[in-house]
Amino acid sequence: MLKHPEVTKGRIARFARELKALLYPEAAPLARLSVFSAPGRISYREAIKGKYRTAKEGEVFGPGWSTHWFKIDYVIPREWAGRKVLLHFDSASEGCVWKDGVPLQGLTSYNWGPEDVRSYFTLTPRARGGEKGTLYVEAAINGLFGLNDGEGKLQSDNMGLLRHARLVTFDQAIWDLMWDFAIIKEMAEGLPVDGPDQGHALTTANEIVNAVVFGERETYAKGRAIARKFFSARNGTRNHHISAIGHAHIDTAWLWPLAETHRKCYRTFSTAVRMMDDYPEYKFVCSQAQQLAWIKKEQPALYAKIRAKAKKKQFVPAGGTWIEPDCNIPSGESLVRQFLIGQRFFLHEFGSICQEFWNPDVFGYSGALPQIMRGAGIRFFLTQKLSWNQFNRPTSSTFLWEGIDGSRVLTHFPPANTYNSFCNIEEVLRHYNFFKDKERASEGYLLFGYGDGGGGPTEEMVERLARMKNLQGLPEIEIRTPRDFFQRCEKDITDPIVWSGELYFELHRGTYTTQAANKRDNRRSEEVLHDAEFLSAIAALEKGPAYPHAAINHLWELVLLNQFHDIIPGSSITHVYDDSAKDYAEILGSAAKIRAKAASQILPTPAKKNGRVGTLNTLSWARREVVTVPGSRKLSFASVPSYGYAVAEPETKTDVPVSFRKSGMGFILENSLVRATFDAQGHLIGFFDLCNQREAIAERGKGNQFVLFEDIPQRWDAWDVEIFHLEKRWDVGTVRQMRVVEKGPLRVTVELDIEINAKAKLKQRISLTAESPRLDFACEVDWTEKNRFLKVEFPLALRSEFATYEIQFGHVRRPTHFNTSWDFARFEVCAHKWADLSEPNFGVALLNDSKYGYACHGNVLRLSLLRSTKLPDPQADMGKHRFRYALFPHEGGPQLGGVISEAAAFNQPLQTFATSAEPQSRSYFSVDNPAVVLDTVKQAEDSKHLILRFYEAHGAHQTAMLTSLLNLKKAAITNLLEQTEPKAAALKCTNNRIQLKLRPFELMTLKIEV
């Protein structure tokens, strides 16, 4: 080889192209090609009964989202005897080959990668010649990414173009030589220039070009012999080790509806098991139990193949959850159910639970997760999403992640920063170069295969890996299961870094707010299922009806499905939210019926006419609130114990009524606890805490100030809100009319008609009761904006370097300043029912009933209300909205100031019922320490025992006494899968009381025999 490396690189690139062109040397037409344009996504049984017409190459099939079934009759030419024969079917769409009602392989020939996923299907590895057959190909006229790229751009005007439908022969010798040459060529192009391995690769590639003469088949063996010598050079004893795993990351919904995801699973999983026959070393991971449940129900023959390959450890269930969930918005109990239902499925169907939580594409990870993982049998965690961080990239690839309670899980971020690797040399080298813990670890994971829209690995990827397995100049690479990788990783790492607290994602912050109705329905669904489970469990014990396990678990599965990380964040297409709304209607309707039925079996007999006031409390704290007397418009005080009910005479009078009075152009609401002063535009200009003698609103500040921000992100519309949105804002809200709709003595309500601008009108009711310092705001908005973000803010007379935000099973502190890039990256954060700004002796919490986006900068506490994004759903958030928020002043910090219980009560008001029963009070469970929250009461999954789930809510060591009116016989601590640890000691049940001891933020589950 003459010394002209750049010229040589050009030479070998051309040789690679010419080599690939020889892969399919002969072609023949089909005997007959016909098509049936189906009325929708129909079954195979329906499709084969359709009316077929003749089809031909060059036709375009559409429109988008339509389905066309092709009947393929073929005869293999006799002269092709001894050859490998393939069907070449390229319809610029997502297709699937079917035979005898079974999906055999995907044929995805339109995608975003360097080449088609696959457009060939092997008919026979060695033809006899003259064979006849019939296959069906289901063609879905969409690409891997639906009909667009997620930003509104159509993938192609040629989508649905039938480019090829024919038979071809396959040249195995060219295939083998092609992949030998591809690895050597890419090493010559990608290794450090002038290094010994790069130079040797370039020389070897050039030798192969010199040795091979196209058309002279004996020279192909000479080329492969040169390659074998190159591949015989092994790595040293000290080297970086890459474990690889086939992966598809099928988004359960995103730029396509759920119905299309079912078909993506058929295509992807059938291809995976088919490849396993040809490549025994190939392994493929599936991380969502829901997708496997679909296959089990809808494609039993394919599911049988999957289970057979799982026994051989080729098809690998992983992750432990029902779907790959968003980890910001779901409640703590929802995350528990992801693992409980997911792990039970994996155990029942595949014989073991998963040890790793597999969630690579989620927009941030709550600090509550490590404890939840450990409680569900999970020891390891994998994600790569934080490699997208906007300002601060992760500092470790492998580390211990410590949750808010101190629980730890070994965590790995795949260094290639993708879950869709193509297994080329460039990505392997990037994996090594980006690995951030070389001084303490040498194990990394590479996830390969077409993903997001499914497809999975291709034969080309596996061929590449086989040649890179142990090759000088590259890390050692081998396909390994997640469990094998993490066990190697655990043994390998020395002195791992510890990251404590949440894994905040510095991007996609708009997902805390986009698709507000969906987020509202999620919270209401979590609440109604909480009540239905508690009441059904008590009814089963007291009255004997069977606990409705199947019905409740079905509804939970729907909730969990809709918590997928592209549904509940608000980042999917319109069709997805149409489907989700139907699911939530079923959840809310069915769960309400279960709740009502169980309540009717527990609560005193309803009155035939208006009588006393019955109230039901399904929370962990005793409550006294103002309620509406059933069957009337009158208000009454109601006092009710925790997890129980009370019956009392209506209490409609008070010695200290709440009052309304005008003040200049504004008005004042006042009770014995607080005085709230409003100007003529509905701004809260004073909020004085009479008990603590503190003003809550900053001097000259305007609380309840609506603000519109320009909301034009750089790239991902529904996902992102940028830090610069804070620079362009408009204070909005003009009161057009004010009226007093409730005048006391128990509650005063003022209604305001507010004009946000010409496009948005808002009706707001501001309420104060005689019982509480909490000031409530209920809003109705007709929203038709574009690229605007509506928030409400409260400038507070407080100073603190941090604000406190509720998350699942606890809370976190986040800075109120922008000192560092880590601080200003958190300009918009996620919280659940409350956020709080406090000094040591006084604070104010901002509560909400359906929102998740918050910010606190300096002394201004802000709640995100509505966005108006146009991609990928142009209808996102358009229409009418109802939501509530409240301002709650308190002594001390949020922990001792009653914020946690107040926020829970704000979200789940007391339920009232009319009754003529004698006055009484009944508490099924009570806890004497408000810091220990009884969060869930349900029947156990595998027995009639009760499951009680608690958490420590203040971040401190606590003791508490659980008391019940039930006959508590035995109690034991279990994990989140409701399994008792073998060496766990039983808890003492004395006089139906159990003493509890919890660590800060500890999550504790009891199984109780009653």
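Trainee: Is F667 buried or exposed?
Mentor: F667 counts as buried, at 1% relative accessibility. Buried means under 20% relative accessible area, exposed means over 50%, and partly exposed is in between, using a 1.4 Å probe and protein chains only. This is a predicted model, where local features need pLDDT of at least 70 and side-chain atom pairs count only at pLDDT 80 or more, while totals for chains, interfaces and linings use all residues. Residues are numbered from 1 along each chain as its sequence is written, and side-chain values use heavy atoms, with hydrogens and water left out.

Trainee: And what about F660, how accessible is that one?
Mentor: F660 is partly exposed, with a relative accessible area of 24%.

Trainee: How many aromatic pairs are there in the whole structure?
Mentor: The search turns up 51 of them. To pair, rings of Phe, Tyr and Trp (its six-membered ring) need centres within 6.5 Å; planes under 30 degrees apart are stacked, over 60 edge-to-face, and the rest tilted. One of the pairs is Y44 with W69, an edge-to-face case with 6.2 Å from centre to centre and 65° between the planes.

Trainee: Which elements do Y44 and W69 lie in?
Mentor: Y44 is in helix 2 (residues 44–47) and W69 is in strand 4 (residues 67–75), so their pair ties together parts that are 25 residues apart in sequence. Helices here are DSSP runs of H or I with at least four residues, strands are runs of E with at least two, and both are numbered from the N terminus. Y44 is buried at 14% relative accessible area, and W69 is buried too, at 0%.

Trainee: Back to F660 and F667 then: how far apart are their ring centres?
Mentor: The centres are 5.9 Å apart and the planes are at 35°, so that pair is tilted.

Trainee: Which residues make up the cluster that has Y44 in it?
Mentor: Ring pairs link F36, Y44, Y52, W69, W98, Y136 and Y266 into a cluster.

Trainee: Which charged ends sit over rings?
Mentor: Here are two. K791 has its charged end over the ring of F709, 5.0 Å from the centre, and R814 does this over the ring of Y805, at 4.9 Å. The rule asks for NZ of Lys or CZ of Arg within 6 Å of the ring centre and within 35 degrees of the ring normal.

Trainee: New topic: how many cavities does the search find?
Mentor: There are 10 cavities of 30 Å³ or more. On a 1 Å grid over the protein atoms alone, a cavity is a set of points where a 1.4 Å probe fits but cannot get out, a pocket is an open set with protein on both sides within 12 Å along at least five of seven lines, and lining residues have an atom within 4 Å of a point. Points are joined across faces, edges and corners, and a volume is the space filled by probe spheres set on them.

Trainee: What's the volume of the largest cavity, and what lines it?
Mentor: The largest cavity has about 530 Å³. Its lining has 32 residues, with S331, H530, K833, Q908 and D935 nearest the centre. Elements giving two or more residues to this lining include helix 9 (332–350) and helix 14 (516–542). By class, the lining has 14 nonpolar, 9 polar and 9 charged residues. Ala, Val, Leu, Ile, Met, Phe, Trp, Tyr, Cys and Pro are nonpolar, Asp, Glu, Lys and Arg charged, and the others, Gly among them, polar.

Trainee: And the second largest cavity, what's its volume?
Mentor: About 170 Å³. It is lined by 16 residues, and L386, P394, W499, L503 and W822 are the closest to its centre. That lining divides into 9 nonpolar, 4 polar and 3 charged residues.

Trainee: What about the second largest pocket, how much space lies there?
Mentor: About 1100 Å³. Of its 40 lining residues, V626, R747, R774, D776 and R884 are closest to the centre. Strand 22 gives the largest share of the lining, 6 residues. By class, the pocket lining has 17 nonpolar, 8 polar and 15 charged residues.

Trainee: Last one: how many disulfides?
Mentor: The count is 0, where a disulfide would be a pair of cysteine sulfur atoms within 2.5 Å. For C265, the nearest cysteine sulfur is that of C286, 7.0 Å away. C265 is buried at 0% relative accessible area. The sulfur of C327 is 11 Å from the closest one, in C830, too far for a bond, and C327 is buried as well, at 0%.
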